[in-house]
Amino acid sequence: MITLSSDFGSPYPAAMKGVISQWTDARLIDVSHDLPRQDLRQSAFWLRETLPYFPPAVHLAVIDPGVGTDRDAVVIRAGGHALVGPDNGVLLPAARALGGESVEIFRVETRDETAEGTDRTHWPPRLASSTFHGRDVFAPTAARVHEIGTDGLDDDDAFTRHDGYESLRFPEPVVSESAATGTILAVDDFGNAISNVPASFVDGAFGGAIQVNDETAPLARSYAHVEAGQRLVTVGSHGNLELAVNQGRGTDAFGLDAGDDVHFALGSRS
Amino acid sequence: MITLSSDFGSPYPAAMKGVISQWTDARLIDVSHDLPRQDLRQSAFWLRETLPYFPPAVHLAVIDPGVGTDRDAVVIRAGGHALVGPDNGVLLPAARALGGESVEIFRVETRDETAEGTDRTHWPPRLASSTFHGRDVFAPTAARVHEIGTDGLDDDDAFTRHDGYESLRFPEPVVSESAATGTILAVDDFGNAISNVPASFVDGAFGGAIQVNDETAPLARSYAHVEAGQRLVTVGSHGNLELAVNQGRGTDAFGLDAGDDVHFALGSRS
Amino acid sequence: MITLSSDFGSPYPAAMKGVISQWTDARLIDVSHDLPRQDLRQSAFWLRETLPYFPPAVHLAVIDPGVGTDRDAVVIRAGGHALVGPDNGVLLPAARALGGESVEIFRVETRDETAEGTDRTHWPPRLASSTFHGRDVFAPTAARVHEIGTDGLDDDDAFTRHDGYESLRFPEPVVSESAATGTILAVDDFGNAISNVPASFVDGAFGGAIQVNDETAPLARSYAHVEAGQRLVTVGSHGNLELAVNQGRGTDAFGLDAGDDVHFALGSRS
């Protein structure tokens, strides 16, 4: 199985699927091609929250604002999975979620050719363009890794151990018994603003209230526990505090977007 | 085959595909993840108009504004198909289209656990979150139903007959020989406003005119039978009268949206 | 393998997938269902730039503003591939890219029936609606062609050689050593405005400047060779000059959209 993720929209992902299909008839499953455009941190969040639900697979993920510069192409081996994409950190949180801190990172050799024509099944991949490495580098690499398996990374000269890779870590919240300061990591398509403050902070105290910056909101088990149009704080499916509006958009109601800081406070617990 | 429908946008559907892929390598076909958000009636319309074109399959469909409340999870057996989703009525019109009035409805047992970690292949499903039952309940249920087949619903203790289910029916039009009063059931991505007034009302009288509320419009066999930018009434692919603009948006031109009433009148027929 | 392309958005493509699945369990791969709506030239560009990356396949592509009129349905045999869609020219550039000028075009017979009910596996296809031939004509045709193979087109009475087909050609640029006048063929989802002026015009002279209409912009190997927010001209993955903004939208910055003319001039080359 090969999963595909990108910020490409449409129809560029199809060229990647075509190239892969020239190599292998592996199952292709789209994760998303609408990841937040050229936003490494939000995209890394979504990959981390999504890829671990899959059985072992090759995960192609291309959010690549530095395409055509000297950034490397990498394959990460982690927990039986392989992640393929640019060396800009976007794959790292998902890799750690899949393999813990024992992830292994390989650099992918490429051949710098800009001549006309494409030799699509040649290996290692050639840089047929400087603007679409999803098609020219990452798609053939994902197909190749699927073909040789994660163990095969040790035996293919196109892959070399890579120590100087780019990392990416999410900001850590500061949590005490009655207060927590964190960051909005992402906003989903429903408009829920997802923080990095873990569920343990509220300890299941649904039904009460919680302070969010200068306002107070109900702390509810799920969206429909408040009236339609009312704001709430809940524990989202990512296990973190999430700012929401029942049948509305929390990001708008709370005026908080990805990257913003957020402060939570609880009243005294009896 | 398992089809997937939701109002999730991106990338939440991928977590459902990952979970299903841990159970089965059934073909996964996306119906839509852009169903009208939290709109049960429009979503029910699209499911009814789309799922019957498939061969027998398991249809996972999650439009679930009540997630995390005490609404049930259901599986509906209908005409060799199985539909899996929340007990809020959204599946019923499609189920009736597939199986007539002889649909059979089962309630899905779940285990209320909120501990850390996920035991993804455990059955029956556990409520790992209160906000994403598509991932935690409906995806494993769809995989399970695919595994045991629709006959297996009778033998698995997690499924029990359910009589008190939620239903949903579309409004019925009032049609006489020369006039019809109906409702706009849905607006498609082209902006066509689809009513519930059946084609039989106009009896193939294309080329003439029809009155729509206070205006008159051509009654045309298809969009391009009027000039680009001109409004028309046609019989859409759903078999109902549809308000359109050739290469434009009927919903805007006629000022009618999903849920609005609409009145049609024909001149005398010679 | 059957690929699917359209300007349908959601959920109409799923009805096509359902119909096809009644005929065959061929792999279904979405190319795009967000092709520029009812825009034959831009859609033809994207098909030409995407389909050749696939191995031999049946390509269903429905951009069909004339649905329900007397335009024909066609199958084009080209280089081991088959393209299925309306006879309005939208398939031709991709067909020529796949098969050169030796493309062979067949007209598809249909049966004009508007009775209630659908006999989905009947062949040749019947006109169950006048507004959704993707579902009623092109999907069964794609499934049929997949079943009989491209050689089978010669032996099935539903397919007849078609000489009077609609064509579509892109405008040709006028290129001299120091100046080029072309057209913006398409704007991609990143906002890159893609011209028809070939890379050979700039001959790899990245690092210098280029005049675009009345302005001057850097000529850069890729987007990130200029600062975020800065405009540039590059050679895109289609092999043509492309107007872009690093992490922004070139179409907005340059004020140029699909169909607009564009004039490039180079300084003296040393």
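User: What is buried area, and how much of it lies between chain A and chain C?

Analyst: Buried area is the accessible area that two parts lose on being put together, summed over both. In this predicted model, chain A and chain C bury about 2500 Å² between them, and carbon and sulfur atoms give 55% of that.

User: Which residues in chain A lose the most area to chain C?

Analyst: Look for Pro11(A), Tyr12(A) and Thr131(A), which together make up 23% of what the chain A side buries. Among the elements of chain A, helix H1 (residues 12-23) gives the most to the side that touches chain C, with eight residues.

User: How many residues are in contact, and what kinds does chain A bring?

Analyst: The contact joins 30 residues of chain A with 29 residues of chain C. On the chain A side, eleven are nonpolar, twelve polar and seven charged.

User: With charged residues there, how many salt bridges cross the interface of chain A and chain C?

Analyst: A salt bridge needs a side-chain nitrogen of Lys or Arg within 4 Å of a carboxyl oxygen of Asp or Glu. Here the rule finds zero. For polar contact, it finds 14 residue pairs, both at pLDDT 80 or more.

Technical notes
Residues numbered from 1 in each chain as written. Chains lettered and ligands numbered in written order. Predicted model: local features only at pLDDT ≥ 70, side-chain atom pairs only at ≥ 80, totals over all residues. Heavy atoms only, no water. Contact = heavy atoms within 4.5 Å. Buried area = accessible area lost by both parts, 1.4 Å probe. Polar contact = N/O pair within 3.5 Å; in protein donor to acceptor, adjacent residues only side chain to side chain. Helix = DSSP H or I, 4+ residues; strand = E, 2+ residues; numbered from the N terminus. Nonpolar A, V, L, I, M, F, W, Y, C, P; charged D, E, K, R; others polar.
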